[in-house]
Amino acid sequence: MVVAGVFASHYATIEDAKTLTIIITTISAFGTLFQQAVCTTHIRYSGDEITHRPKYKRTLIALIGLFSIPVAAYSYYSSSLSLTNSVLIVILLITFGASGFKIAAATQAQKFKHISLVGTLQGLLTLAILLPLIKYSGNSYLYTVPFILSSMLWLAIQTPLPKPAINSATITNTVKKTFIPSVVTGLFFMPVIWLLLGHVQSKFGDEEAFLLASANQWRMTIGILPTIFGGYLLLLLVSDNKAKNNRKTNFSITYYPAVLIALVFSIATNYLSVIYPQALVQDGNLQKTIMLFMIASILTSFKSSISREMVAAELAKLSILSNMLWALIFCTTYFLAFDDTGSVGVAKAFLVSQAIHLAIWMPALIKKNLAPKEFFDKKFFASLIPIIWMTYTYAQ
């Protein structure tokens with residue numbers, strides 16, 4: 001998706017680039033949200049016979065379709081997308097949500113290479129269909145089609161699993177205790193940036209909105225870590241093996257790669273002019289926006305591990321309350337302190353709100369024992385050094 005945004009900046013008109021970035025941002029906000037909610041639910045009840053019932057799967061898909069309609073309607077009535085793209089957004093979000101079942105099954109079978117391969121092919125197929133549309137002035141109202149077609153590649157995953165012996169959960173329980181809480185929790189996180197994108201576009205113009213959407217896609221290179229590893233880590237937390245190493249692994253596998261990716265990108269973003277038009281990078285705002293998002297995403301990776309602990313313990317209300325609090329802090333911080341600085345302001349508010357939220361929430365995390373003490377060793381404190389350095393460099 002980052003590459004798709006790059007090609008749009010080179011070959012598409014600003015109007016078509018805006019359409020594409022809105023579609024990509026919608027996928028990041030809602031497609032990923034529904035995919036993770038389905039995957040989380042399927043893994044949380046992987047030991048129960050309920051996951052093999054067609055009615056259970058149809059129920060989750062129907063709910064995703066219901067949740068997708070307001071997203072499509074907003075995209076159309078805000079004049080962000082054409083009617084065709086808005087209708088196709090519903091289909092697109094449903095296909096992303098349905099892929100959660102396949103990702104969950106492959107995760108249970110520990111077919112991580114298979115997941116990576118399909119994900120890579122998905123990106124290549126998207127570009128193969130999208131690039132001709134962009135380069136040869138294709139109809140922008142068809143920009144959703146490549147994403148729909150590529151998301152169907154997940155149907156190629158065939159992972160037969162043994163039927164569980166447990167038969168205790170009901171469809172109502174799975175929806176009430178895990179699926180709906182996962183969706184509601186996510187609604188107070190990923191779509192907030194999606195909504196602010198519309199505000200930035202109306203106040204600062206299409207180019208500034210494009211910078212924000214592009215930087216957000218770079219952020220998703222870290223944000224995708226919970227999608228790749230989250231299901232497996234949740235399996236460890238809900239398994240019969242309650243070893244302390246499982247809890248420490250839950251934090252380590254997403255936190256340390258996030259630090260490493262941010263460090264690599266702190267160097268790579270010095271060469272943005274190689275892939276983006278000079279006019280978009282000359283003032284340094286794109287680089288600063290990307291890196292502020294990256295630094296903040298290190299904190300969100302840490303917090304995603306806490307969320308998995310909450311899901312495993314079925315602390316749905318606590319998880320929803322946590323993300324509601326963060327959304328309130330994020331929006332308040334942006335509109336009170338950074339509303340006049342466009343994309344950079346959103347990124348600054350994102351970082352500041354993550355830090356404030358974590359500080360406020362820390363006593364509750366300690367009380368509920370949602371962060372294992374074993375994780376906070378010498379390696380963790382050493383990792384704070386590059387985070388402090390990057391924050392000092394890009395937050396000024």
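Tyr 255 makes contacts well beyond its own stretch of sequence: leaving aside neighbours within four places, its partners are Ile 298, Ser 301, Phe 302, Phe 375, Phe 380, Ser 383, Leu 384 and Ile 387, where contact means heavy atoms within 4.5 Å. The structure is a predicted model, in which local features need pLDDT of at least 70 and side-chain atom pairs count only at pLDDT 80 or more, while totals for chains, interfaces and linings use all residues. Residues are numbered from 1 along each chain as its sequence is written, and side-chain values use heavy atoms, with hydrogens and water left out.

Tyr 255 also stands out, together with Phe 330, as a residue with the most contacts inside the largest nonpolar core, which has 59 residues. Such a core is a set of buried Ala, Val, Leu, Ile, Met, Phe, Trp, Tyr and Cys residues joined through side-chain atoms within 4.5 Å. Here buried means under 20% relative accessible area, exposed means over 50%, and partly exposed covers the range in between (1.4 Å probe, protein chains only). At least two residues of this core come from each of α8 (190-204), α9 (206-223), α11 (244-268), α12 (278-281), α13 (285-312), α14 (316-338), α15 and α16 (378-394). Helix α13 gives the most, with twelve residues. Apart from this core lies another, of 38 residues, which includes Tyr 45, Ile 148, Val 175 and Val 183. The helix labels follow DSSP runs (H or I, at least four residues, for helices; E, at least two, for strands), numbered from the N terminus.

Confidence is lowest in helix α10 (residues 225-238), with a mean of 65, and highest in helix α3 (residues 54-77), at 93.

Helix α15 (residues 342-367) has 26 residues and reaches 38 Å from its first C-alpha to its last, close to the expected 38 Å; the expected span is 1.5 Å times one less than the number of residues. A kink of about 45° lies at Trp 361 in α15, shortly before the proline Pro 363. The bend at a residue is the angle between axes fitted to the seven residues ending there and the seven starting there. After α15 comes Asn 369, with a positive phi near 55°. Helix α4 (residues 83-108) has 26 residues and reaches 39 Å, close to the 38 Å expected. A bend of about 25° occurs in α4 at Ile 89, and the helix is followed by Gln 110, whose phi is positive, near 55°.

Charged pairs were examined next. Side chains of opposite charge can pair when their charged atoms come close. Across the whole structure, four salt bridges are found, each a side-chain nitrogen of Lys or Arg within 4 Å of a carboxyl oxygen of Asp or Glu. Glu 49 and Arg 53 form one of them, at 3.0 Å from N to O; Glu 49 is buried, at 15% relative accessible area, whereas Arg 53 is partly exposed, at 30%. Asp 340 and Lys 203 meet at 3.4 Å, N to O. Because Asp 340 lies in the loop between α14 and α15 and Lys 203 in helix α8, this pair ties together parts that are 137 residues apart in sequence. Asp 340 is exposed, at 65% relative accessibility, and Lys 203 is partly exposed, at 39%. Lys 248 and Asp 377 are joined at 3.5 Å, N to O, linking helix α11 to the loop between α15 and α16, 129 residues apart. Lys 248 is partly exposed, at 26%, as is Asp 377, at 23%. Salt bridges that share partners bring Lys 203, Asp 339 and Asp 340 into one network.

Two further residues complete the picture. Ile 61, in helix α3, is partly exposed, at 23% relative accessible area. Leaving aside neighbours within four places in sequence, Ile 61 is in contact with Ile 94, Ala 98 and Phe 101. The C-alpha atoms of Ile 61 and Thr 95, 34 residues apart along the chain, are separated by 8.9 Å. Ser 214, in helix α9, is buried, with a relative accessible area of 5%. Not counting residues up to four places away in sequence, Ser 214 touches Tyr 276 and Leu 286.

Terms used
pLDDT is the predictor's confidence in each residue, from 0 to 100.
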